[in-house]
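Hello,

Here is the model we talked about. Please open it alongside these notes.

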Amino acid sequence: MNKVFKALADPTRRKVLQLLRRRPMTAGELSEHFAVSKPTMSAHFSVLREADLIDAGKRGTTITYRLKLSVLEDALLGFSQAFGIGVGNAGPTVDTAPEITKGRTS
Amino acid sequence: MITKRLAVAVALAVIILAVAAGLRYAEGAGTLGAEGARRIMQVLVGLSLAAYANFMPKQIGRARRSPEAESRTQAALRVGGWSMTLAGLAYAGLWALAPLSVADVASMIVVGAALAVTFGYAIWSFTVCRSAPVGG
């Protein structure tokens, strides 16, 4: 559950989940919505995958992400969105991503 | 993954049986009335339903061919998960707080309505998806 809270604490990751609510999207399609580098987006995807909030399916060279939220996680996402948790961090500068990208990429 | 799910299901069944046996014993010993035992059991059933339905949207399965089918499936699982979870909580709440005569009928209506919403939405999604143009 700790991983879920960590994943939902970041506005960029919450935006990713909101985009995936509409339909599954490729990594490229998702990245288009953010003014951040690909490694940073990759790091965000990694955090979401580790928390088991998204599913990644590879077809050829394309990775397609699908939403994988339980009802409780969905409600938590709604709450954190409604109360604007971490809104000050939204946008191209993501506080946690550079640290994450040091260790791994996806 | 299947083993884990099976283990959870067996554990839940064991808990329900153990609670039922405990309540039966308490009833026999005179520490709990028949109404109380029935209410506790039904609350447990409602919470089990909510706990199970909570994970329903996570069972996304294999990737579908079309994006349309994928989004429809995702939406159907989400609607089903939410309606059954809320129904489970309402079921537990009714059995915990409402008079027995009300809880008896209302709990069935709540779960029935949630099932209707779940299956209705799934069937509607399937129908829309089938009638959509290929590749859409």
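A nonpolar core here is a set of buried Ala, Val, Leu, Ile, Met, Phe, Trp, Tyr and Cys residues joined through side-chain atoms within 4.5 Å. Buried means under 20% relative accessible area, with a 1.4 Å probe and protein chains only. This is a predicted model: local features need pLDDT of at least 70, side-chain atom pairs count only at pLDDT 80 or more, and totals for chains, interfaces and linings use all residues. Residues are numbered from 1 along each chain as its sequence is written, chains are lettered from A in the order written, and side-chain values use heavy atoms, without hydrogens or water.

The core: the largest one has 22 residues. Val16(A), Leu17(A), Leu20(A), Leu30(A), Leu48(A) and Leu53(A) have the most contacts inside it. Leu17(A) touches Leu8(A), Leu48(A) and Leu77(A), among others, leaving out residues up to four places away in sequence (contact: heavy atoms within 4.5 Å).

The interface: 19 residues of chain A contact 19 residues of chain B. About 1400 Å² is buried between them (accessible area, 1.4 Å probe, that two parts lose on being put together, summed over both). Carbon and sulfur atoms give 53% of that area. In chain A, Pro24(A), Arg66(A) and Val71(A) lose the most, together 40% of what that side buries.

Charges: there are four salt bridges between chain A and chain B (a side-chain nitrogen of Lys or Arg within 4 Å of a carboxyl oxygen of Asp or Glu). Asp52(A) and Lys58(B) meet in a salt bridge, at 3.8 Å from N to O.

Best wishes

Methods: Buried means under 20% relative accessible area, exposed over 50%, partly exposed in between (1.4 Å probe, protein chains only).
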